[in-house]
Amino acid sequence: MLDSDLAEIYEVTSKRLNEQVRRNRARFPEDFMFQVTEIEQENLRSQIATSILNLGVRRYLPYVFTEHGALMLGNVLNSTVAINTSVQIVRAFANLRKMLASHSELSKKLDLLEKKYDHQFKVVFDAIRQLTIQPEVSKKRIGIKQDD
């Protein structure tokens with residue numbers, strides 16, 4: 001997410017958000033945040049309709065944050081909204097872990113059932129296994145793709 005979008009969510013100005021990022025730079029490694037290039041910034045301007053009042057003019061190139069960077073922002077911004085947002089993000093990750101653990105338990109139970117029953121149910125077990133396989137998530141680089 002762009003710094004300006006996160007600033008809106010955390011109810012702070014972009015200036016304040018970026019100030020805290022600069023003051024706490026060690027908390028934002030490159031897999032948490034990066035700064036767009038001038039070419040990427042131009043592409044953003046052409047893709048995003050900017051208001052006449054703002055004109056999209058910035059002194060610095062915008063930062064882009066991953067979900068980890070967005071969470072870290074909540075730790076460096078000292079506002080009630082930032083704290084509440086961070087708590088919600090942590091809760092979401094905790095719920096995700098619970099779901100993954102539940103999936104693991106289901107897989108173990110399926111293995112036991114498969115061993116217990118004969119091969120006539122093999123088709124059923126194979127179908128259930130196909131439903132429980134997680135699709136591979138490709139790790140694409142975040143940012144704007146440039147034509148060479």
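**Figure 1. Helix H4 and its cover.** Seven of the ten residues in helix H4 (residues 67-76) are buried, so the rest of the structure largely encloses this helix. Here "buried" stands for under 20% relative accessible area, "exposed" for over 50% and "partly exposed" for what lies in between, with a 1.4 Å probe and protein chains only. Helices (H or I, at least four residues) and strands (E, at least two) are DSSP runs, numbered from the N terminus. Please keep in mind that this is a predicted model, where local features need pLDDT of at least 70, side-chain atom pairs count only at pLDDT 80 or more, and totals for chains, interfaces and linings use all residues. Residues are numbered from 1 along each chain as its sequence is written, and side-chain values use heavy atoms, with hydrogens and water left out. Which residues of H4 are buried? They are Gly-69, Ala-70, Leu-71, Met-72, Leu-73, Gly-74 and Val-76. Their cover includes H1, H2, strand S2 (63-65) and helix H5 (80-116).

**Figure 2. Ala-82 in helix H5.** Ala-82 belongs to helix H5 and is buried, its relative accessible area being 0%. Beyond residues up to four places away in sequence, Ala-82 touches Tyr-10, Gly-74 and Leu-77, a contact being heavy atoms within 4.5 Å. Gly-74 is also among the buried residues of H4.

Figure 3. Setting aside neighbours within four places in sequence, Gln-20 contacts Val-76 and Leu-77. Val-76 is one of the buried residues of H4, while Leu-77 is also touched by Ala-82.

**Figure 4. The crossing of H1 and H2.** Helix H1 (residues 3-10) and helix H2 (residues 14-23) have axes that come within 8 Å and cross at roughly 105°. This makes H1 roughly perpendicular to H2, a label for angles of 65 to 115 degrees; under 35 counts as roughly parallel, over 145 as roughly antiparallel and the rest as oblique. Axes are lines fitted to C-alpha atoms, for helices over the stretch in contact, and angles run from 0 to 180 degrees between N-to-C directions. On the H1 side, Asp-3, Ser-4, Leu-6 and Ala-7 meet Ser-14, Leu-17 and Asn-18 of H2. Sorted by class, this contact has three nonpolar, three polar and one charged residues.

**Figure 5. Glu-11 in the loop.** Glu-11 sits in the loop between H1 and H2. Its phi is near 55°, a positive value in a residue other than glycine. Glu-11 is exposed, with a relative accessible area of 60%.

**Figure 6. Confidence and the whole protein.** The protein has six helices and two strands, following the pattern α-α-β-α-β-α-α-α along the sequence. Of its 148 residues, 26% are buried. Among contacts between residues at least 6 apart in sequence, 69% join residues at least 24 apart. Mean pLDDT (the predictor's confidence in each residue, from 0 to 100) is 77, and 74% of the residues reach 70 or more. Over residues 51-55, pLDDT stays under 50, and the model has one contact beyond four places in sequence for them. Where pLDDT is low, the predicted coordinates should not be read in detail.

Terms used:
Ala, Val, Leu, Ile, Met, Phe, Trp, Tyr, Cys and Pro count as nonpolar, Asp, Glu, Lys and Arg as charged, and the others, Gly among them, as polar.
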